Each structure stands twice: as C-alpha cells, then as structure tokens.
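Hello,

Here is the structure I promised to pass on to you. Have a look at it first, and then read my notes below.

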Amino acid sequence: MTNRQLHKASPPAEGPVLAKAVLRAAEHLGLTARVLGAIVGLSEPTVSRLKKGEFDLERGTKPFELAVLLVRLYRSLDAIVGGDDTVAKAWLRNDNIALGGKPIDKIQTVSGIVDAIAYLDARRAIV
C-alpha cells in the first residue's frame, strides 16, 4: 500500500465506534443492559445485539444522540473521580440533592441526562 492509498483510507464508521464507547462506559459504570437500554432508548434485546456487533447506532437517530450524551457523562464523571470506577458507580447510585435524586434514575430520561451532564460540567469547571 502506498502513502497515497493510506491517506485515502476512510475513517472508521461512526456507529461501531460509538457503540464500543457506550458499551465501555456502561461497563465502567456498572450499568445493566436494561438500564443502558433505558438511557439510550433501546430494548434490552437490541442492547444485546449491539454488544454482539449485530446492531449499529446510526447518526441522526435518538439512540445515537443519547449514546453520545452517555459517553459525555461518563468522560466528565471519570475526569472528576480520577478514573476510579468504584467512586463513579457510587456517585451514580447515591442521592444527589442538586439533581433531586439518584443520578442512575435521573439519566434514564433525556432531561435528566442533560441535567446530570450540566451538573458534572459545572463541577469540573470549579477552580
């Protein structure tokens, strides 16, 4: 393969890359297939197909957009807790006065995940 051919290679498809990222985030956060499905708007069987590579997230769909938000939430939380999955899992499962409940319950709605991301972004910005 020549250098010219290498530069023409297309980037990896977005759907599989996002699927891998959202599945990794869910694993680090200890999310079940049911909860992950509720967050990104997929059925539990579809989440199973996603894990097997038999289903792709497609740009422009709600599951794609919600998966992007979950990955963003995970990255913000991971930065705050310094990569400690145990602390991240605890944050998700404990009451949060600012969010009005447990983040794990809140992020299963669109408004809840947006609020949680805004909260985490504000926490990261503290100097």
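Just after helix α5, G82 takes a positive phi of about 65°. Before going further, please note that this is a predicted model, in which local features need pLDDT of at least 70 and side-chain atom pairs count only at pLDDT 80 or more, while totals for chains, interfaces and linings use all residues. Residues are numbered from 1 along each chain as its sequence is written, and side-chain values use heavy atoms, with hydrogens and water left out.

Now to α5 itself. This helix covers residues 62-80, 19 residues in total, and reaches 27 Å from its first C-alpha to its last, close to the 27 Å expected at 1.5 Å a residue. (Helices are DSSP runs of H or I with at least four residues, numbered from the N terminus; the expected span is 1.5 Å times one less than the number of residues.) Among the buried residues of α5 are F64, L70, Y74 and L77, where buried means under 20% relative accessible area, exposed over 50% and partly exposed in between, with a 1.4 Å probe and protein chains only. The buried residues of α5 pack against α2 (14-29), α3 (33-40), α6 (85-93) and α8 (110-124), contact being heavy atoms within 4.5 Å.

Next, the charged pairs. There are two salt bridges, each a side-chain nitrogen of Lys or Arg within 4 Å of a carboxyl oxygen of Asp or Glu.

Because E14 lies in helix α2 and R59 in the loop between α4 (44-51) and α5, the pair ties together parts that are 45 residues apart in sequence. E14 is partly exposed at 40%, whereas R59 is exposed at 58%.

Finally, which rings pair up? The structure holds one aromatic pair: W91 and Y119 are stacked, 6.2 Å centre to centre with 15° between the planes. (Rings of Phe, Tyr and Trp, the last by its six-membered ring, pair if their centres lie within 6.5 Å; planes under 30 degrees apart count as stacked, over 60 as edge-to-face and the rest as tilted.) W91 belongs to helix α6 and Y119 to helix α8, so the pair ties together parts 28 residues apart in sequence. W91 is buried at 17%, and Y119 is partly exposed at 24%.

Best wishes

Note on methods. Helices (H or I, at least four residues) and strands (E, at least two) are DSSP runs, numbered from the N terminus.
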